[in-house]
Amino acid sequence: MKNKNSKSPWFTFIAVIFVLTALWATLKPEDFFAEQKKIETVSVSEMTKLYSENKIEKIEVKGKEIAFKLKDGEIKKTFKEENQNISDLGLLRDDVDTQVEVVDTSASEFFVGILGDILPFVIIVAILVFMMKQVQKGAGNNFSFAKSKARLFSVKGKKTTFKDVAGCTEAKNELEEIVDFLKHPKKFTDIGAKIPKGVMLVGSPGTGKTLLAKAVAGEANVPFFSISGSEFVEMFVGVGASRVRDLFEKAKKNSPAIIFIDEIDAVGRQRGVGGMSGGHDEREQTLNQILSEMDGFEDNANVIVMAATNRPDVLDKALMRPGRFDRRVIIDKPDLKDRIAILEVHTKGKKMGKNIDLEKIGQMTAGFAGAELANIMNEAAIYAGKSSKKSISQKDLVIATEKVIMGPERKSRILNSKDKKVTAYHEAGHAIVAHLLETPDPVHKVTIIPRGMSLGSTWSIPEGESFNYTKTKLKEEICVLLGGFVAESLTFGEPATGATNDLERATKIAKNMVTKFGMSSIGPISFSDSGNSFLGVENGIHQDISEETAKKIDKEVHGIVNEALVKTEKILKDNKNILKEISEALLEKETLDSGEFKTFFK
Ligand code: ADP
Ligand code: ZN
């Protein structure tokens with residue numbers, strides 16, 4: 001076990017003092033609203049009156065204490081009964097735009113209780129242990145347990161709806177039903193249907209899982225409580241479970257409601273998977289608490305728990321049992337049509353110039369998730385803003401896209417002349433093959449400026465779109481990928497290591513053609529673990545295929561790659577002069593755009 005704690009006794013000492021002070025500051029009840037000392041206390045009815053007159057800007061509920069800020073800036077407070085909640089007080093009205101925030105105090109109450117009962121030195125010991133644990137984990141946020149991170153997104157204000165989510169048609173259709181359950185539970189319970197308790201949203205990062213969950217809450221007009229699984233991991237043992245209890249408590253009080261647990265794999269990992277040797281107490285307790293809360297829902301609780309993960313493969317099976325997260329909604333990476341729609345959604349609120357061609361951007365961004373597309377739009381706006389333009393032009397969009405695709409240009413990395421020459425022939429090889437074959441995407445740009453990913457143009461095959469590709473197209477994509485390798489071999493007599501990534505991708509496509517798409521003489525049999533292939537996880541071919549079949553697959557994969565190699569060699573040999581001309585132009589200019597590139601083919 002590592003012990004970074006032995007660094008300096010002073011560090012520990014100062015940290016203890018610091019923790020004690022911070023804890024004390026949090027625990028003293030009269031300090032809950034530090035900024036509001038000596039503020040006027042009014043009666044609850046006074047407050048609700050002001051509320052219904054829509055004079056309050058913001059309400060903050062902490063335990064029994066309610067502080068509120070009037071629209072004219074004045075701050076007042078009042079006290080409610082222990083067991084009253086904000087809906088009892090009528091603070092969830094639609095027609096009032098007050099922001100209502102419930103701040104969790106249960107963790108602090110828990111400590112207040114202990115303070116009363118147990119001697120202070122026990123606390124000091126506990127804090128020391130806690131700190132050591134934290135230091136060992138290398139985490140800096142020692143005080144995070146004192147406040148709940150469950151956030152209540154109030155029903156008021158700007159709602160997220162399905163309109164804000166572009167694409168994801170199937171996911172939205174499935175979630176419509178959840179909206180219906182939340183809106184009209186009686187319709188279902190009356191005929192004896194059980195309302196589902198849990199929905200698992202599965203998809204790569206940035207595909208809009210959080211956004212969809214918020215949209216469900218928005219569509220159903222219910223409060224949205226969210227917390228992230230990763231927040232539980234670094235916590236004091238017992239706090240995670242108590243926070244879960246508290247979160248469900250709050251949601252039930254505000255039902256109908258949605259609880260959203262992001263990154264559930266952080267707590268819901270199958271025991272003994274992912275290098276988690278032994279039980280992780282906190283993780284396990286938190287998970288058990290989530291499960292028992294869900295099991296304990298009465299049939300009419302009308303709280304639906306939505307969880308998100310990009311690692312469904314590592315989740316504990318107990319999570320998926322009937323009555324828990326038994327509904328699974330898969331969110332794929334967007335296809336071209338959806339990418340364009342997502343870009344469109346994110347033009348909202350931005351000043352777009354004339355002649356914007358989002359389709360072009362969509363074509364350039366195969367394999368991107370919604371978050372990256374949103375990022376492109378923002379980068380374009382920043383770029384336009386930097387040059388003090390009035391609106392965003394197509395050029396800004398293209399630059400932003402290139403930046404996000406390839407990482408910022410690294411002009412500083414100077415290639416020596418030999419490397420530069422090899423790169424020029426390599427990139428020219430890709431581009432020529434892409435240009436001369438039927439199906440690959442047109443060459444957008446060829447460059448030898450080193451980038452995060454040193455391709456002249458993008459011709460990647462996103463797995464999520466593989467259903468769009470014919471056998472011919474896949475074979476030709478392999479040719480394009482081999483183009484760099486072949487051009488180098490033809491020109492310099494031997495290939496260099498620069499083609500490693502190309503070869504990997506080419507082989508992967510060939511392998512998928514054989515094991516996934518049924519595009520070989522083995523026939524339409526899938527050997528791959530299709531369960532998570534959309535996640536971009538390398539397809540684990542099933543262990544249980546026979547050695548003979550494995551040999552056949554190998555042979556087919558080789559066959560495909562070899563055929564492509566022969567074809568690519570022929571193309572580049574036949575166009576040796578063009579290869580030379582383009583490479584030389586690249587050496588001189590470093591970048592050729594599609595127009596310049598085409599002139600070499602007359
Ligand atoms: P996840 O939870 O799956 O990691 P998020 O929901 O946090 O992804 O998505 C991040 C951001 O990406 C969103 O806030 C939104 O701006 C954008 N985004 C993702 N998917 C979509 C989509 N289908 N339509 C519109 N915007 C999207
Ligand atoms: Zn290459």
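P256 sits in the loop between α9 (239–253) and β9, where helices (H or I, at least four residues) and strands (E, at least two) are DSSP runs numbered from the N terminus. The peptide bond from S255 to P256 is cis, with omega near -5°. This is a predicted model, in which local features need pLDDT of at least 70, side-chain atom pairs count only at pLDDT 80 or more, and totals for chains, interfaces and linings use all residues. Residues are numbered from 1 along each chain as its sequence is written, chains are lettered from A and ligands numbered from 1 in the order in which they are written, and side-chain values use heavy atoms, with hydrogens and water left out.

Most residues other than glycine have a negative phi, and most peptide bonds are trans. N54, not a glycine, has a positive phi of about 60° and is found in the loop between α2 and β2. At 26% relative accessibility, N54 counts as partly exposed; buried means under 20% relative accessible area, exposed over 50%, and partly exposed in between (1.4 Å probe, protein chains only). C168 has a phi near 50°, again positive in a residue other than glycine, and belongs to the loop between β6 (151–153) and α5 (169–183). C168 counts as buried at 16% relative accessibility.

Helix α2 (residues 44–52) has M47, L50 and Y51 as its buried residues. They cover an arc of only 105° around the axis, which puts them on the same side of α2; the arc is that of the directions from the helix axis to the C-beta atoms. These buried residues pack against β2 (56–62), β3 (65–70) and β4 (75–79), with contact meaning heavy atoms within 4.5 Å.

The structure holds 4 aromatic pairs. Rings of Phe, Tyr and Trp (its six-membered ring) pair if their centres lie within 6.5 Å; planes under 30 degrees apart count as stacked, over 60 as edge-to-face and the rest as tilted. F224 and F260 are stacked, at 5.8 Å centre to centre with 25° between the planes. F224 lies in strand β8 (residues 224–228) and F260 in strand β9 (residues 257–262), so the pair ties together parts that are 36 residues apart in sequence. Both residues are buried, F224 at 3% relative accessibility and F260 at 2%. The rings of Y425 and F492 have centres 5.5 Å apart and planes at 80°, so this pair is edge-to-face. Y425 in helix α16 (residues 417–436) and F492 in helix α17 (residues 471–492) are 67 residues apart. Y425 is buried at 6%, whereas F492 is partly exposed at 23%.

The zinc ion (ligand 2) has H426 (NE2), H430 (NE2) and D502 (OD) as protein donors, lying 2.0 Å from it. Donors are N, O and S atoms within 2.8 Å of the metal (3.2 Å for Na, K and Ca); water is not among the atoms, so sites may look incomplete. The spacing along the chain is H-x3-H-x71-D. H426 lies in helix α16 and D502 in helix α18 (residues 500–515), so the pair ties together parts that are 76 residues apart in sequence. H426 is buried at 6%, as is D502 at 4%.

Ligand 1 is surrounded by 16 residues, of which A166, G206, K209, T210 and H346 are the closest; a residue counts if one of its heavy atoms lies within 4 Å. The table gives polar contacts, defined as pairs of N or O atoms within 3.5 Å; within protein, one must be able to donate a hydrogen and the other to accept it, and residues adjacent in sequence count only if both atoms are side-chain atoms.

| Protein atom | Distance to an oxygen atom of ligand 1 |
|---|---|
| G206, backbone N or O | 2.8 Å |
| T207, backbone N or O | 3.3 Å |
| A371, backbone N or O | 3.4 Å |
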